[in-house]
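Welcome! Please open the viewer and get ready to select residues as we go.

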Amino acid sequence: GLIKAVGAPMWNVDAIKATLGLADDDILTLEPRLQETGITELGLLFAYSLLNAYILATLGEGFGLPLVEAGSLGIPIVATRTPVIEELWEGYPLLAESKPIVVSEGFILYGTDYADLASKMEVLLDENSWEKCSKRAKATASRYTLDRMVEGVVKLAELAEKKKGAKKPHPLEKYDATPTPAYKEKVIKTLYPQAGTAKPKI
């Protein structure tokens with residue numbers, strides 16, 4: 001659902017429905033009032049309770065909190081394999097393959113392999129596989145409790161304070177990040193120095 005209160009209106013729900021061939025009855029949409037305010041924790045739990053699986057085909061995530069929320073409720077997840085998601089869900093069997101894409105702004109995003117995404121989703125049609133992945137998702141999500149997350153942030157803040165002034169600012173302005181074909185090739189070679197070999201872990 002589009003929630004205007006928490007970010008820019010990036011998602012054109014009607015366009016997504018048309019692209020995927022979905023009817024209004026196929027998806028859960030928030031009523032206009034809730035699009036402005038967001039939904040309560042109870043509303044969020046209700047939304048998750050309607051799901052058999054949580055699928056996230058994404059170009060890139062900073063953390064992927066909805067995956068952790070779904071997993072903590074025992075809902076199996078299928079997600080695009082991006083560096084962050086791979087780090088958080090290391091060893092989880094239903095991460096869909098992806099390939100790096102250098103966009104015009106110079107950012108590196110990750111294009112989902114939709115054939116692999118579909119095959120990972122198909123695994124969950126088997127009841128035994130669903131149950132195993134449900135337990136695995138719950139076990140993975142359980143690592144990210146509020147206490148542990150706060151503890152991690154506090155440690156980072158303490159480390160930053162301890163090392164304050166010890167490092168010179170990174171001279172980003174000296175990098176030529178012009179999105180030319182040569183720059184794109186350089187980025188790809190940096191990511192995958194041995195082209196044509198198996199994808200390395202990032």
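Which residues in the largest nonpolar core touch the most other members? Keep in mind that you are looking at a predicted model. Select Y54, L67, I77, W89 and Y92: of the 23 residues in this core, these touch the most other members.

Now pick out the aromatic rings. Then move to W89 and Y92, an edge-to-face pair with 5.2 Å from centre to centre and 70° between the planes. W89 and Y92 are buried too.

Stay on Y92 and show what surrounds it. Beyond its neighbours within four places in sequence, Y92 is in contact with P76, I77, C133, R136, A137 and T140.

Finally, select the strands. How many strands form the open sheet, and in what order? There are 3, in the order β1-β2-β3, with parallel pairing. Because β1 and β3 stand at the edges with a single partner strand each, one side of each has no neighbour in the sheet. Zoom in on β1 and β2, which run parallel and are joined by 3 bridges. Here you can find I55 standing opposite V78 in β2.

Terms used: Residues are numbered from 1 along each chain as its sequence is written. This is a predicted model: local features need pLDDT of at least 70, side-chain atom pairs count only at pLDDT 80 or more; totals for chains, interfaces and linings use all residues. Side-chain values use heavy atoms; hydrogens and water are left out. A nonpolar core is a set of buried Ala, Val, Leu, Ile, Met, Phe, Trp, Tyr and Cys residues joined through side-chain atoms within 4.5 Å. Buried means under 20% relative accessible area, exposed over 50%, partly exposed in between (1.4 Å probe, protein chains only). Contact means heavy atoms within 4.5 Å. Rings of Phe, Tyr and Trp (its six-membered ring) pair if their centres lie within 6.5 Å; planes under 30 degrees apart count as stacked, over 60 as edge-to-face and the rest as tilted. Two strands pair if DSSP finds at least two bridges between them. Helices (H or I, at least four residues) and strands (E, at least two) are DSSP runs, numbered from the N terminus.
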